[in-house]
Every structure is written in structure tokens, then in C-alpha cells.
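User: I would like to learn how to read a sheet, a core and a chain contact in a model. Could you take me through them one at a time?

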Amino acid sequence: MHDEPLLNVSNLTVDLLTAKAAVRPVDGVSYTVRQGECLAIVGESGSGKTVMNFAPLGLMPTGVTTNLSGSVRFDGRELIGLPESEIRKVRGKSIGFIFQDPMSALNPVRRVGRQIAEMAELHLKMTPRAAEERALELIKLVGISDPAARLRQFPHELSGGLRQRIVIAIALAGEPKLLIADEPTTALDVTVQAQILRLLKDLQRRLNMAMVLITHDMGVVAGAADNIVVMYAARAAERGPVDKVLVTPRHPYTRGLINAIPRREDPIGSEFRGLPGIPPTLGAPFKGCAFAPRCELAIPACTASRPPLARSADSAVVVACAVVNQRKAAA
Amino acid sequence: MIHFISKRLRHSLVLLFMASLVCFTLVVSAPGNVAVLIAELRGAVATPGYVEKVAEEIGLHKPLLMRYAGWLGDAVRGDFGISYRTGQEVSADLPKRMLVTGTLIVGSAVVATLLGLALGFLGAFWPYRLPDRVSRGLALLGASTPTFFVGALMIYGFSVTFQLFPSFGFGGPESWVLPWVTVAVLPAAVLSRVVRVGLEEAMASPFVLTAKSKGLGRTAILFRDALPNIIPVFINALGTQVGLMTATAIIVEPLFAWQGVGDYFLQGVKFRDFMVVQACLLIFLAFFIVVNLIVDLAVLMTDPRVRRQWS
């Protein structure tokens, strides 16, 4: 239709107001995802990666007032400012969601078949009978054996890996163009993680969907994603193609993250390499770079003003670091 | 499942036996001498000699254990003895009275369920808004108003002032309305809170986020996702309330001049009519045990997680 990416997030800022506190978990973040592409969003807990994806789609807990600014264009349509009734039509139908904990993401007292089928009834306007057929197809698609029997089971009768496959089947039921997977493997056994990730990747390619993969597992990123956004304290620290960012990380935070991955040549019993210091709490305002207190490269200028995202030596990668960008300018 | 039911039935029988022992002990240890009352009732002057004769006649001199064994043996065969006051067979009076009380309790349970669900949903639909506050206020009012007073208000309002329903007697359906509502007020108030709180809790669960992500609307989520989750809790609460309705029946039946088991019990107590009191107590206890059994089975049917443990 046109050349616009499927999902175009620009300068998104999210403010959350509860009765007691106001926090800004997402502060001026931009990224794009094209059809058939997978974008990984990486960051530690509390860096805003989940809120960034859920808030614009109205998936926030009740009792929290969410203020959005910036722009989120999906499939040629601006989502920010749309009434809830319109955003609801996007959820499930055009965007499928996968959650972190499949143990609690499914309704414990309803058969999994119904939980899948109601998607087909809602979004594909199917009759209950046709929707059951569709649920059976989906459950085969996500690689579950003995599909007909599984449909009649309840979530507690299935293992974690099977439940996550059910959650994936639900996400796919509306034939979405975009999948948002929020740490889809974090709550699973290590042996199952790889299977689920492979399944997701395979489905994404076969159905030519776009995927946003929220994770803190660099291994997941390397295996699945095309592009990566590294989040730190509500802001994007570095953004670019995975092969470039992971191989030659530019931002000191990204470097620290990658350096923290245990390596095969590490001697047995050696200590893990962590990042020094602790991540900042949300809500505290930063004048300069939020990472400066933990950064080995920090110079006085870092705490003076917020470093803008700037193109690095490789024009595909953007970095928000005053020191790195200064060096580049000097070179 | 069959195993579970048979096990629960066996437990129930043991429970019923122990309950009968307790109610027999309670009744015989109550103060007052029934022989005196009977003697006076017969019109004769209650001389010590005559009282003695009456006591002998109704078997008050036998050892307690013998009296209990005799009474239990007869009760198992459906013979609850002869009322000291009327001289009639207790078991002849019971079926009609049980029908009356059954009508009262079943009808009240239905009214309480409907009212409780309606008020609870009202609050859950608009949490912390006006309908929620009204529902909570009504629940507080309903839970704290004594039943006899509710009954009097009902009669005054709907029978005396507006003359919509008869104020007493067990006749056609129109005569059932006021007693049903009177008994249902307190359980409905309790149940509405169970529904409201349960729904709110369910709506905060992670699976509701999943349901939202599916594109379902709030109403659909409330009914499809939240409601099935609170049904087992609701059934449990309803069971307790229905069990307690036997006690309410003792107050409400005399109020509306219904000749049910509650009314029978009250008359029995007033006259120390042991046979009647014992029979009524046993019926109440059996009812309680049966209600509990039904509740357990119903929870088993509605909660797949519990069902799994027994299948």
C-alpha cells in the first residue's frame, strides 16, 4: 500500500498517575517494526519495556491513569488519542499478545478450547462450531500433540510449555499482523524455552507477521530478532540491527549487558560479571544521562544534559551517549 | 466421583448420629418438668402423686441411655413419638410442616441468589461509583436489620399500607412473597458482598489482562471470565446462608402464621414438648448436613481444579 512501517513509534512518552504517585516509565522512545520483522526490546526490570508496548493499547491495570504523548502509528493509523472502543478492535484482531507467565494468563475454570475459540467468534465472526474447528487448527499449528483432547482440558491439566503454546494459539486466533510477546520464555523451564522461542520465530516467518519481543535474555535476542532497542531507565540507550549492536556494542550500558553474559571460557567457580551500581528507581527525574552514575566512561558533561540519540559511525545504529558520540565526532 | 459421594454420605451418617446425641442431651438437660405441665393440661390438679403417675406413663423414669436408644430406634423408622401436648403422632404432623418450611427456604434461597447477584454485579459494573455505593449501602442495611423487624416492615408496607400481599397464612403464591423476601434480605446482603468482592478480585487477575488483549469488552469479561471464577465461592456462601435459614424460619414462620417446622419447634420449646423439639432439631440438622453435601458436590462440578483431586 505504501512504504510506512507496520508499527511506527515516535517520541513516545508514558506518564502513569496513581492516587499516590506519578511516574514516567517511558520517556521519548522511538522505533519501527516492518512487516515480517522482529524487534527485540531489551532492558532490565523496570526499564519501561512492557509499559511502552501495553500502555498505547489500553492494557494497563484499572486505577491507573495513563497519559500518552508522542505518536504510535500502527498499520497507517494513529493509536494515541483513539477512544478505548476503537483500540479494543485493534487488540486481538490486528495485534496478538503473548504474556510472561502462562500459569496465570489463562482462565483456570474455562476449557482451553473455548478460550481459543472465542477469539475466532469475536474477530472472524465465526459460529461457535466453526470457531471450535479453528481452535483445533490453531492448536495443531502451535505443535500440540493430541489436539482434540487438549481442547477439552483445563489450564491446570497442562504443563507450562503447553500452556504457553495455548497462549500463542490465542494470540494467533485473530490472524494478527503484529505479535507482541512480553518475555514469552521467562517463566518457563530452560529446556522448554528454546522450543517456545523456535516456535514463535517459525510462526512469525511462516505467517509473515511482525513481532515485538520484550526480553532481558540476550541469547533470545541473538537467536530471534532483526533489530534491537536497548532500554535503560525509561529511555532508549541504543538502537540498531542485532548483528551490529551485539557484535560491536557502542553504548557503555549495552557493552556492560553483553559483557555480563557468562562465557564458555570462564573458569568454573568464577564470579559473574555484573554491572556496578543499581538501576535508578522510576520517577526520580534525571537531568543528564540516567546511566552516568554507573558508567565507567562518565565525564562531567554526562550529568549536565540528556544525551540525544545520534547516529554512530555506522549509520544504522543510533546511540544516546555523549562520550561515544563525541569520540565519533572527533574521529 | 462416585467414591467421593459415597464417602461423604458415610461421613454424613456418622455426623447425623452424633448430632442426634447432642440434641437429645440438650433437650433432656433443659430445666423444667414436663410431667407437671402435662398433668396441668389434663385438667387434673397436679398433685405430686398424679405428676408421678404421668412421669411413669411417658417413661421419664427410665435410664437416659435407654430413653435415647428407644427414641433413636423409633426415629430411624420414621416414628418420632407422640407429642406430649396434643397427644398426636409427631410424624403425622411433620410432612405438611416440612412442605411449608421447604417452600419458605427454597423460595428464599432463590430470592437471595437473584438479589445477591444483581446487587453484586451492580457494584462490579460501576466500581466506586454511585451504583456501587447504593449496593453497598443496601447490603449494610440488609445485614444489620433484624429479621423480625424486616418482617414487620414488610407487613406494614406491602400488606397494610398498599395491600398488595396477604399478611399471614400459607396459601397461594401471592402469600409466599412477603415471607420469602423477609428471609432473603440478610442472605442477599451477605451474598451481594461476596459477589462484588469476588468479581473485583477476579477482574484484577492476570487472565483478565489476557481477556482484554483478546479485544473483549468489559461486560463480556465480567460474565465470561470473572463470573465462572466466583461461582464456587458463591455456592459455598449460599450453602451457609441456606443452612442458617432454618434458624430464621423459627422467627419468620410465627410472624406470618405459617405452620412449618420452625413454628412447630417454637411451640415445642414453649411447652417443653421434648418429642417435638427433638424431631425438629433432627430435621434441621439433617437439612444442614444435606445442604453441605450438595454444596460440596456443586463446588466439585463448578471448579475444575477441585474436581481433579477427586477424579
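User: Which residues point one way from β9(A), and which the other way?

Analyst: This is a predicted model, in which local features need pLDDT of at least 70, side-chain atom pairs count only at pLDDT 80 or more, and totals for chains, interfaces and linings use all residues. Residues are numbered from 1 along each chain as its sequence is written, while chains are lettered from A and ligands numbered from 1 in the order in which they are written. In a regular strand the side chains alternate between the two faces of the sheet. From β9(A), Asn227(A), Val229(A) and Met231(A) point one way, whereas Ile228(A), Val230(A) and Tyr232(A) point the other way. Strands are DSSP runs of E with at least two residues, and helices are runs of H or I with at least four, numbered from the N terminus.

User: Which strands pair with β9(A), and in what sense?

Analyst: Two strands pair if DSSP finds at least two bridges between them. Strand β3 (residues 38–42) of chain A and β9(A) pair in the parallel sense over 4 bridges, with Ala40(A) as the bridge partner of Ile228(A). β9(A) and β10(A) run antiparallel and are joined by 6 bridges, and here Ile228(A) stands opposite Gly240(A). These two strands form a hairpin with 2 residues between them, and Ala233(A) in the turn has a positive phi of about 50 degrees.

User: What is the order of the strands in the open sheet?

Analyst: The 8 strands of chain A follow the order β6-β7-β8-β3-β9-β10-β12-β11, with mixed pairing. The edge strands, each pairing on one side only, are β6 (95–98) and β11 (310–311) of chain A.

User: Which residues touch the most other members of the largest nonpolar core?

Analyst: A nonpolar core is a set of buried Ala, Val, Leu, Ile, Met, Phe, Trp, Tyr and Cys residues joined through C-beta atoms within 7 Å. Of the 167 residues in the largest one, Leu39(A), Ile116(A), Ala169(A), Leu178(A) and Leu213(A) touch the most other members. Helix α8 (residues 177–203) of chain B gives the largest share of this core, 15 residues.

User: How many residues of chain A are in contact with chain B?

Analyst: Two residues are in contact if their C-beta atoms, placed from the backbone, lie within 7 Å. By that criterion, 22 residues of chain A are in contact with 18 residues of chain B.

Technical notes: Buried ≥ 20, exposed ≤ 12 C-beta atoms within 10 Å, placed from the backbone.
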